Every structure is written in C-alpha cells, then in structure tokens.
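Here is a protein to look over together. Some plain questions and answers follow it.

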Amino acid sequence: MHDHPTEPPPPDQFWDGFYRERDQVWSGSPNALLVREVTGLAPGTALDLGCGEGADAVWLARHGWQVTGIDISAVALERAAAHAVDAGVEHLVTWVQADLAAWAATDPGSDPGYDLVCAQFLHSPTELPRDRILHRAMAAVAPRGRLLVVGHQDFPPWSSHPAPEPPLPTAVELAAALQLEAHGWMLETAEPVPRTVEGPQGQLVVLNDNVLRARRGV
Ligand SMILES: C[S@@+](CC[C@H](N)C(=O)[O-])C[C@H]1O[C@@H](n2cnc3c(N)ncnc32)[C@H](O)[C@@H]1O
C-alpha cells in the first residue's frame, strides 16, 4: 500500500466544493462588525474582497453603496447574485469571479478608487497571500476613502481546519505590517472584539475577531 499525501485542491475547486456541500453556508445576514464600522459613513463606491454569498455586499447596496463583490467561487457568486435580486438591489452590485492572489487594483493613475474597500473573514485553508492582497487593496482605496478588514483572531476548537500557525496578526500588527500610518493613513479602529459562539454540542465559547479601519490621506 502506498501512502501518497493528498495534494490540496486548487483554491477555486476547494471553495466551489465547500459551497456545494450546502445550499447556503452563511447566515445571509451581514457581518456585525461591517455594520458597526460602516453605519454612519456617507455611502459611495465599495469593493468587498472575498464576498462569499454576498450578504455584506447586499447590505451595503441596501444602504446606498454601489458595490463590487469579488470572490474566487462561482458557486458563491451565483448565490450572491440571487440574494441581490431578492433584495431588489441587483442594479447596485457587480459580481466578479477572480482569484485575489492574481488581482490588482485597476490602474491607480486613471481610476479614482473606491470609497470603501473591505474584507470580512478573508481566510482560507488553501493558499491565500492575504498580506499581499491587503497591500493591493490599499491601492484600490480613493483619497479619503477607507480600508476595513475584519478577521478571525481565534478559531473555534471544533473547527475542521487547524488554527493557522503562526497565528493571524492582531489588528495593530496588521496595521504595522501594512505600514498604514507611515503611508499617511489614519488608523480609526484597531482592536479585538469578543464574540460568543455556540459549538456543535451547545458549548459557548468566546472568540476574538479583529477589526481594522483606516482612512487614506489625500
Ligand atoms: C471565510 S469566507 C468569508 C466570506 C464572506 N466575506 C463572509 O464574511 O461571509 C472566505 C471567502 O473568501 C473567498 N476566497 C478565498 N480565497 C480566495 C481568493 N484567492 N480569491 C478570491 N476569493 C477567495 C472564498 O471563496 C470565501 O467566499
């Protein structure tokens, strides 16, 4: 008997397979920290990186934003598009199937950029150059626009995927890695936010999420 380690599937196949396992994976509600951080901002153009089934993009559109949602999974984007139709905001959202590892913000010389570029839980058990993507995301933000990154700090002990090693950066570490302040950005939020989640056996666990919101200078 030969013991060949299984090659991980390419990211698009992994995520399409992940979404196909269930008719709906996420709740359909927007992420609470997106709502917290965006409520009160004047709506404009927004780019949602790794938008999944589109709940955040749809929420943004319902609140007056003109949104582009990018994801690697065509399966997730089909659901996102249906969600936008159900919410009556399909004219406000553009869905783009793309691998963010190869994505670059459009020509910064000719493009005014987005008023908001956000990434909620842009994590993957497959290859994902998150820091590089977030660096590029900075270039996609318009002058005076905002970058919002919401992510995991802790992972549930019952998760089928191991917690990343080394651990994911805190919001403050991420801000430093992106050199936001050195590039003239103003840090508006950089903190862990505890969230109580229920495990498969009904156990309650407090997990921290990270939220980073920064505003680009002129
Ligand atoms: C944990 S899910 C989060 C989805 C959504 N933002 C949310 O909060 O519900 C991560 C998402 O990132 C997408 N993704 C992973 N790697 C990607 C890549 N290289 N390019 C584009 N999207 C990717 C996945 O398809 C998935 O929808």
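**What the cavity and its surroundings show**

Arg130, Val149, Gly151, His152, Leu168, Pro169, Thr170, Ala171, Leu174, Asn210 and Leu212 line the largest cavity. Keep in mind that this is a predicted model, where local features need pLDDT of at least 70 and side-chain atom pairs count only at pLDDT 80 or more, while totals for chains, interfaces and linings use all residues. Residues are numbered from 1 along each chain as its sequence is written, and side-chain values use heavy atoms, with hydrogens and water left out.

Q: What makes a space in here a cavity, and what makes a residue part of its lining?
A: On a 1 Å grid over the protein atoms alone, a cavity is a set of points where a 1.4 Å probe fits but cannot get out, and lining residues have an atom within 4 Å of a point. One cavity of 30 Å³ or more turns up, and the largest cavity holds about 60 Å³.

Q: Which element gives the largest share of that lining?
A: That's S5, with three residues.

Q: How do you know that the span of helix H4 agrees with what a helix should have?
A: The expected span is 1.5 Å times one less than the number of residues. H4 (residues 74-86) has 13 residues, so it should span 18 Å, and its end C-alpha atoms are 18 Å apart, which agrees.

Q: Why is glutamate 37 called buried?
A: Buried means under 20% relative accessible area. Glutamate 37 has 4%, so it counts as buried. This residue lies in helix H2 (residues 32-38).

Q: What makes the link between glutamate 37 and arginine 36 a polar contact?
A: A polar contact is a pair of N or O atoms within 3.5 Å; within protein, one must be able to donate a hydrogen and the other to accept it, and residues adjacent in sequence count only if both atoms are side-chain atoms. Here the two side chains meet at 2.8 Å, so the pair qualifies.

Q: Which residues is histidine 183 in contact with, leaving aside its neighbours within four places in sequence?
A: Met138 and Leu178, where contact means heavy atoms within 4.5 Å. Histidine 183 sits in the loop between H6 and strand S6 (186-198), and its side chain reaches the backbone oxygen of glutamine 179 at 2.8 Å.

Definitions and conventions:
1 Å grid on protein atoms, 1.4 Å probe; cavity = no way out; pocket = protein on both sides within 12 Å on 5 of 7 lines; lining within 4 Å. Points joined across faces, edges and corners; volume = space filled by probe spheres on them. Helix = DSSP H or I, 4+ residues; strand = E, 2+ residues; numbered from the N terminus. Buried < 20%, exposed > 50% of the residue type's maximum accessible area, 1.4 Å probe, protein only.
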